[in-house]
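Here's a quick tour of a protein model, meant to be read with the picture open beside you. Take it one topic at a time and try to find each piece as it comes up.

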Amino acid sequence: MSTTRTALVIGGGIAGPVVATALRKAGIEARVYEAYPGPSYGIGSGLALAPNGVAALDLIGAGDPVRDIALPVTGMNMSVGGKLLQMPGLADVPPLQVVDRSELHRALHQHAVAAGVPFEYNKRLADVREGNSGITARFADGSASTADVLIGADGIRSTVRDLIDPNAPGPDYLGMLGFGAITECDADVRPDTMTFAFGKRAYYLYWPTADGRVAWGANLPHKEYLSLTAARAIPKTHWLEILRETYRDDNPGGELARRTTEDQLEVVGALHIMPPVPHWYRGRMVLVGDAVHAPSNSSGQGASLAIESAIQLARCLRDLPTPAEAFAVYERLRRGRVEGVAARAAKINHSKTPGPVARKAMQVLMPLMVKTLMNPEKTMGPEQRYRIDWDAPADDELATSSV
């Protein structure tokens, strides 16, 4: 029988509200502490939730609220050298759900509040003090709170990760900055379809929105690392000039860049990938979401994996007697899967910034690869068909779990 009755959740983005809601469903009181002065709306641009991520949200009743604000994407294309190639897909799984990140944050936050999860803001974690019967979080404002466990859902720059292991690796910069926008476009954009475009100078992707406009995201090669704050400190006029020059010869990339206005442009900053984290937990502290596994945006699974891990962590704390046992089973259930997805995404990242020779080779070889080597059952099947059995004991899953 579990001895965990209360939890402190550090971070109110995606994983935080989900794990807190799942913990309450499991009979564990959870409270979320967020460093921002309010719910973290207005952060980032669009993202895709894979079928496995939405299925995990269904377990806590948050699937339908997210579907209500999302756009289903049923098809995928790849554009290489001006040629549009239809990518093979999985016929028997639900579509991707594309959603604005700030709207997703809002939906998950509101669902957690409705489930009874309390949130506290302006609570930047400074330190922890651990004892035999609990753990106390100390915040920068001088306040403190105690519970049985502390869960770090505080993103790629996780304070909790550093407290668990001061030598833990941080995120690796991919050499690209992220931008997004929703704008008008006269080009022929296929309905309900996302297109991954390898432009002449840089990679981008685009898809139609429900109101007839086009959403697009740019992965701009950039040698200098710029955090979100640093990138947003630079005037948007500067970034628009660079984007328009970079994509000027691409169709529809050129028009998308020219049509995008300052008000429409969303600056995301540096794109990252998390290397494997040696220690997922220590004592009464544990990591979840981007704090411990953040595959690059190439995976299409970052948010979905964070949601899955949040659900699995709640199951483990529900089913295992002590936090140490729960954390050990949680890591065994999750590490292989998330690191496998990250490795797949890392291979894709190399194709986003090819040199002139590699770019020419891609134009020749990609059509053939789409027809012969891109087997969705092998690459996407195990990822998108993954489902969590909430009612089954978490430790029973170890015998049959797979990546």
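In which sense do strand S1 (residues 6-10) and strand S2 (residues 29-33) pair, and over how many bridges? They pair in the parallel sense, over five bridges. Keep in mind that this is a predicted model. Below, we go through its sheets, a hairpin, its nonpolar cores and some of its salt bridges.

**The six-stranded sheet**

- S1 and S2 belong to an open sheet of six strands, and reading across it you get the order S8-S2-S1-S12-S19-S18. The pairing in this sheet is mixed.
- At the edges stand strand S8 (119-120) and strand S18 (281-282). Each has a single partner strand, so one side of each has no neighbour in the sheet.

**The three-stranded sheet**

- There's also an open sheet of three strands, in the order S3-S7-S4, and here the pairing is antiparallel.
- Its edge strands are S3 (46-49) and S4 (71-73), each of which pairs on one side only.
- From one strand to the next, the twist averages 35 degrees.
- S4 pairs with strand S7 (residues 96-100) in the antiparallel sense, over three bridges. Across that pairing, Leu71 stands opposite Val98 in S7.

**The nonpolar cores**

- The largest nonpolar core has 76 residues, and Leu23, Leu49 and Ile151 are those with the most contacts inside it.
- Helix H9 (residues 302-319) gives this core its largest share, 10 residues.
- Apart from it lies another core, this one of 24 residues, including Ala181, Ala197, Ala218 and Leu256.
- What does Leu49 touch, leaving out residues up to four places away in sequence? Its contacts include Val54, Leu57, Val66, Leu96, Val99 and Leu104, along with Ala303 and Ile307.

**Salt bridges**

- Side chains of opposite charge can pair when their charged atoms come close. This structure holds 20 salt bridges.
- Asp64 forms a salt bridge with Arg67, with the closest N and O atoms 2.9 Å apart. Both residues lie in helix H3 (residues 63-69), three residues apart, which is about one turn of the helix. Arg67 is partly exposed, at 32% relative accessible area.
- Arg385 and Asp92 also meet in a salt bridge (2.5 Å, N to O). The pair links distant parts of the chain, 293 residues apart: Arg385 is in the segment after helix H13 (381-384), and Asp92 is in the loop between S6 and S7.
- Is Asp92 buried or exposed? Asp92 counts as exposed because its relative accessibility is 55%, and the cut-off for exposed is over 50%. Arg385, at 32%, counts as partly exposed.
- Glu331 forms a salt bridge with Arg335, the closest N and O atoms being 2.8 Å apart. Both sit in helix H10 (residues 323-352), four residues apart, or about one turn of the helix.
- Glu331 has 16% relative accessibility and Arg335 has 18%. Buried means under 20%, so Glu331 counts as buried, and so does Arg335.
- Salt bridges that share partners also join Arg201, Glu245, Arg248 and Asp249 into one network.

- Gln86 is found in strand S6 (residues 83-86), and at 63% relative accessibility Gln86 counts as exposed.
- Gln86 and Ala392 are 306 residues apart along the chain, and their C-alpha atoms are separated by 39 Å.

Conventions
Residues are numbered from 1 along each chain as its sequence is written. This is a predicted model: local features need pLDDT of at least 70, side-chain atom pairs count only at pLDDT 80 or more; totals for chains, interfaces and linings use all residues. Side-chain values use heavy atoms; hydrogens and water are left out. A nonpolar core is a set of buried Ala, Val, Leu, Ile, Met, Phe, Trp, Tyr and Cys residues joined through side-chain atoms within 4.5 Å. Buried means under 20% relative accessible area, exposed over 50%, partly exposed in between (1.4 Å probe, protein chains only). Helices (H or I, at least four residues) and strands (E, at least two) are DSSP runs, numbered from the N terminus. Contact means heavy atoms within 4.5 Å. Two strands pair if DSSP finds at least two bridges between them. Axes are lines fitted to C-alpha atoms, for helices over the stretch in contact, and angles run from 0 to 180 degrees between N-to-C directions. A salt bridge is a side-chain nitrogen of Lys or Arg within 4 Å of a carboxyl oxygen of Asp or Glu.
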